[in-house]
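Dear colleague,

I am passing a structure on to you, and below it you will find my notes on what turned up in it. Please have it open beside the text as you read.

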Amino acid sequence: MKKYYTIPIFIPEKACPFRCIYCNQYTIANKMQLPSNEEIKKTIEKYLNTFPANGVKKLGFFGGSFTGMSIVEQNQYLNIVLPYLESGQIESLMLSTRPDYISEEILENLKRYKVETIELGVQSLDDEVLAKSGRGHNVDDVKNAAALILKKGFKLGLQMMIGLPEDSFEKTLKTAQGIIDMGAHYTRVYPTLVIKDTPLEIIYNSGKYTPLSLEEAVEWCKHLMKLFTENKVTILRMGLHPSEGLITGDSLVAGPFHVSFKELVLSALWKDILEDKLKDKKGEKLTIEVASKAINAATGYQSVNKNHLLRRFSSVVFKINNNLIDNELNIYL
């Protein structure tokens, strides 16, 4: 199986006239200025020198609304990458943008530059949530853009957030199902955090907004992970990337941030799997066999699932069985 490697190029706030209430892109991307042509080239070379020769190399333009720029500006960035595409050092491009910045003209131009994947910041498929979040687009904009992207032969990524103002668990599930129904190849799921110097911080400080607790966010995402997995939508990320400002708390005001958020979700998912198989069983020695890729999640973050079972069994041992895949397991009592 081939491994994929992505070179990230961040273009913070470029071309986006909207101020989503949760967004301080300078803080999240940790970039205050647009990268110069030379900086982009140096970034590309740095990553290419560290990637294995047999890996599939891609480049992604992240951090802003790429297609909100004029086509002339878009092509200025795309032309920097073009020599690497023509030489085969980079195989394809991906970019992130807004649903209301998609048109046939834009997509035809991106095709010429071997853009393979377009990721839309959807956040929610509920018009009330979108309005309260200051997104500046509605659900129909998302559906129209997604359909056009797929029609033109691109791969489609749809990003969502949970816990925005006026959001609920039911609305979150509706958004996830909508992402599936629209034919997304992959998704990213981000719990809403209150970041310094954002409109959401003002609302939070006024007492008019309460973020999800870490426990709530894990519980919601556990169900999303199950839903996306069952419908074969790849989850590229679950939880915000742990930048230095979030880890130290310099940027974070409140919200369900954890450096190992996805691991917490996987642990919760496996706890349910184990409980379903074991029911109310108790005893002495318990041995659980799982696939190699599942061993850490089954044992649980910081062995939380193993410790939970040790309340009912004198001995709990997790083993790898290479004949098992995904969430399969064997239990021996």
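This is a predicted model: local features need pLDDT of at least 70, side-chain atom pairs count only at pLDDT 80 or more; totals for chains, interfaces and linings use all residues.

Asp 276 forms a salt bridge with Lys 279, the closest N and O atoms being 3.3 Å apart, and Lys 279 is itself partly exposed, with a relative accessible area of 47%.

The count of salt bridges comes to twelve, and another of them joins Lys 222 to Asp 272, with 2.7 Å between the closest N and O atoms. This pair links distant parts of the chain, since Lys 222 belongs to helix H9 and Asp 272 to helix H11, 50 residues apart. Lys 222 counts as buried at 7% relative accessibility, whereas Asp 272 is partly exposed at 38%. Within helix H2 (residues 37–50), Glu 38 and Lys 41 are three residues apart and therefore separated by about one helical turn, and their side chains meet in a salt bridge (3.9 Å, N to O). Glu 104, Glu 108 and Lys 152 are linked in a network of salt bridges.

Turning to the sheet, three strands form an open arrangement in the order E11-E10-E12, with mixed pairing. The edge strands, each pairing on one side only, are E11 (313–320) and E12 (329–332), and the twist averages 15 degrees from one strand to the next. Strand E10 (residues 283–290) pairs with E12 in the antiparallel sense over four bridges, and Leu 329 in E12 is the bridge partner of Val 290. Helix H11 (residues 261–278) lies across E10, E11 and E12, and runs at about 50 degrees to E12.

Lastly, Thr 299 lies in helix H12 (residues 295–299) and counts as buried at 16% relative accessibility. A polar atom of the Thr 299 side chain lies 2.8 Å from the backbone oxygen of Ile 295.

Conventions. Residues are numbered from 1 along each chain as its sequence is written. Side-chain values use heavy atoms; hydrogens and water are left out. Two strands pair if DSSP finds at least two bridges between them. Helices (H or I, at least four residues) and strands (E, at least two) are DSSP runs, numbered from the N terminus. Axes are lines fitted to C-alpha atoms, for helices over the stretch in contact, and angles run from 0 to 180 degrees between N-to-C directions. Contact means heavy atoms within 4.5 Å. Buried means under 20% relative accessible area, exposed over 50%, partly exposed in between (1.4 Å probe, protein chains only). A polar contact is a pair of N or O atoms within 3.5 Å; within protein, one must be able to donate a hydrogen and the other to accept it, and residues adjacent in sequence count only if both atoms are side-chain atoms. A salt bridge is a side-chain nitrogen of Lys or Arg within 4 Å of a carboxyl oxygen of Asp or Glu.
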